[in-house]
Amino acid sequence: MSEDITYCSNRKCRCLRCAMNPKHIKLLIPYSFADLDGTECCYKVQNHVENRKVIYGG
């Protein structure tokens, strides 16, 4: 697998299904970042994902 990817600069994004989420970075090498949040490259925009609160019952 290639590590040649531009990651999203939104480090607070909780959408882990997105391949460009910076939480997927494994190697300590230089990466490129771009402001992809809300653009046509954003997983949430492509898949019509809304920001939902997760409520845990106890």
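User: How much space lies in the largest cavity?
Analyst: In this predicted model, the largest cavity holds about 90 Å³ of space.

User: And which residues sit closest to the centre of that largest cavity?
Analyst: The largest cavity is lined by 14 residues, and those closest to its centre are Cys8, Cys13, Cys18, Cys42 and Tyr43.

User: What classes of residue make up the lining?
Analyst: Sorted by class, the lining of the largest cavity consists of 10 nonpolar, 2 polar and 2 charged residues.

User: How many cavities of 30 Å³ or more does a search of the whole structure find?
Analyst: The search turns up 1 cavity of 30 Å³ or more in the whole structure. As background, rolling a probe the size of a water molecule over the atoms is what shows where empty space is left.

User: Okay, let's step back. How many helices and strands are in the protein?
Analyst: The protein has 1 helix and 2 strands, and if you read along the sequence they follow the pattern β-β-α.

User: What share of the residues is buried?
Analyst: Of the 58 residues in the protein, 19% are buried. The accessible surface comes to about 5100 Å², and carbon and sulfur atoms account for 54% of that surface.

User: What about contacts between residues 24 or more positions apart?
Analyst: If you take the contacts in the protein with a separation of 6 or more, 45% of them are between residues 24 or more positions apart.

User: What else is Phe33 in contact with?
Analyst: Leaving aside its neighbours within four places in sequence, Phe33 is in contact with Thr6, Tyr7, Cys8, Ser9, Arg11, Pro22 and Ile25. Phe33 itself counts as partly exposed, because its relative accessible area is 35%, which falls between the 20% and 50% cut-offs.

User: Now Asn21, is that one buried or exposed?
Analyst: Asn21 is buried, because its relative accessible area is 2%, and the cut-off for buried is under 20%. Asn21 is placed in the loop between E1 and E2.

User: Which residues does Asn21 touch?
Analyst: Not counting residues up to four places away in sequence, Asn21 touches Tyr7, Cys13, Arg14, Cys15 and Leu16. With Cys13 there is also a polar contact, in which a polar atom of the Asn21 side chain lies 3.4 Å from the backbone oxygen of Cys13.

User: Where is Tyr31 found?
Analyst: Tyr31 is found in the loop between E1 and E2, and it counts as buried at 15% relative accessibility. The side chain of Tyr31 reaches the backbone oxygen of Leu27 at 3.4 Å.

User: Which residues is Tyr31 in contact with, leaving aside neighbours within four places in sequence?
Analyst: Those contacts of Tyr31 are with Glu3, Ile5, Tyr7, Ile25 and Lys26. In the case of Glu3, the residue is 28 residues apart from Tyr31 in sequence, while their C-alpha atoms are 8.4 Å apart in space.

User: How far is Arg17 from Lys44?
Analyst: The C-alpha atoms of Arg17 and Lys44 are separated by 9.2 Å, with the two residues 27 apart along the chain.

User: Last one, what is the phi of His48?
Analyst: His48 has a positive phi of about 50°, although His48 is not a glycine. For context, most residues other than glycine have a negative phi. His48 is in the segment after helix H1 (43-46), and it is exposed, with a relative accessible area of 67%.

Technical notes
Residues numbered from 1 in each chain as written. Predicted model: local features only at pLDDT ≥ 70, side-chain atom pairs only at ≥ 80, totals over all residues. Heavy atoms only, no water. 1 Å grid on protein atoms, 1.4 Å probe; cavity = no way out; pocket = protein on both sides within 12 Å on 5 of 7 lines; lining within 4 Å. Points joined across faces, edges and corners; volume = space filled by probe spheres on them. Nonpolar A, V, L, I, M, F, W, Y, C, P; charged D, E, K, R; others polar. Helix = DSSP H or I, 4+ residues; strand = E, 2+ residues; numbered from the N terminus. Buried < 20%, exposed > 50% of the residue type's maximum accessible area, 1.4 Å probe, protein only. Contact = heavy atoms within 4.5 Å. Areas by Shrake-Rupley, 256 points an atom, 1.4 Å probe, with all protein chains shown as cover. Polar contact = N/O pair within 3.5 Å; in protein donor to acceptor, adjacent residues only side chain to side chain.
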